[in-house]
Amino acid sequence: MPVEITWWGHATCTVEDSDTRVLTDPLFARRLAHLRRRRGALPPPGAWHADVVLVSHLHADHLHVPSLARLAPGTRLLVPRGAPHAVPGLRRLEGLRITEVVPGDRVEVGPLVVRAVSARHDGRRLPVGPHRSPALGYVVQGEARTYFAGDTGLFESMAEEVGPVDVALLPVGGWGPHLGEGHLDAGRAARALAGLAPRAAVPVHYGTYWPIGMDAVRPHEFHAPGDEFVRRAALHAPEVMVHRLGHGESVRLEVAR
């Protein structure tokens, strides 16, 4: 039975597995603070529908309260532990069923099991203050095992913690001319791919948002990461099929057991 992946831009994807829809880090805004959407139409209302929504960490481009407010009442929402305390707007979304998770937690959603795993990323809501909520990745297990990395740096125990997966959704860029610590660029993502050894991969978290007024500043950092990841993945993990999707584009993957 196939699993279908749709990339809506940035870290927002829909994973359809076992007739269940999983939405990752929904961001449905043309503009967010100093960022504007430079490529790809906004996801249509159909993208707002999901059986479960996964939030990887508290940064506003991943936990975007106005986008979460568009979800249908009753939608299941998994967030890092402590998120409702750190982001008061979450507590006003009374129609959503919010579950706080930490690495190692497993949550059943219909026929799927969602497992929270570690990420190496500064996931605080603000750039200063104590670390109260972990940054997370998630493994969605149904007919396929799909790893959504969220935002993370490369770390030695990644493959061990994630475990065997069929599909990896890996960040390969960012939204500015420089990637700080705790991020994957195309090269580090390709090295992560070699360790994870999935059957297929989709690069995400690039080529969507860019700071206002910085169009001419290192524009290759905006446009190039997807193609660069394809090139580097062919060197580091040639056995993995990489699908570089356009915004709103989907791929259906047959998973043999």
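Here is a short briefing, grouped by topic.

This is a predicted model, so local features need pLDDT of at least 70 and side-chain atom pairs count only at pLDDT 80 or more, while totals for chains, interfaces and linings use all residues. Residues are numbered from 1 along each chain as its sequence is written, and side-chain values use heavy atoms, with hydrogens and water left out.

**Nonpolar cores**

- The largest nonpolar core has 55 residues; such a core is a set of buried Ala, Val, Leu, Ile, Met, Phe, Trp, Tyr and Cys residues joined through side-chain atoms within 4.5 Å.
- Helix α5 (residues 186–196) gives the most to this core, namely 6 residues; helices (H or I, at least four residues) and strands (E, at least two) are DSSP runs, numbered from the N terminus.
- The residues with the most contacts inside that core are Tyr138, Tyr147, Leu193 and Phe229.
- Look beyond four places in sequence and Tyr147 touches, among others, Val117, Tyr138, Met158 and Leu196; contact here means heavy atoms within 4.5 Å.
- There's also a second, separate core of 19 residues, and Leu58, Val65, Leu71 and Ala83 are among its members.

**A closer look at Thr146**

- Thr146 sits in strand β12 (residues 145–148).
- With a relative accessible area of 2%, Thr146 is buried (buried means under 20% relative accessible area, exposed over 50%, partly exposed in between, with a 1.4 Å probe and protein chains only).
- Setting aside neighbours within four places in sequence, its contacts include Val3, Ile5, Tyr138 and Leu169.

**Rings and charges**

- The whole structure holds 3 aromatic pairs; rings of Phe, Tyr and Trp (its six-membered ring) pair if their centres lie within 6.5 Å, and planes under 30 degrees apart count as stacked, over 60 as edge-to-face and the rest as tilted.
- Trp7 and Tyr206 are stacked, because their ring centres are 5.3 Å apart and their planes are at 10 degrees.
- Trp7 lies in strand β1 (residues 2–9) and Tyr206 in the loop between β14 (200–204) and β15 (209–211), so this pair ties together parts that are 199 residues apart in sequence.
- Both Trp7 and Tyr206 are buried.
- The charged end of Arg120 sits over the ring of Phe155, 4.0 Å from its centre (this needs NZ of Lys or CZ of Arg within 6 Å of the ring centre and within 35 degrees of the ring normal).
- Likewise, Arg38 has its charged end over the ring of Phe222, 4.7 Å from the centre.
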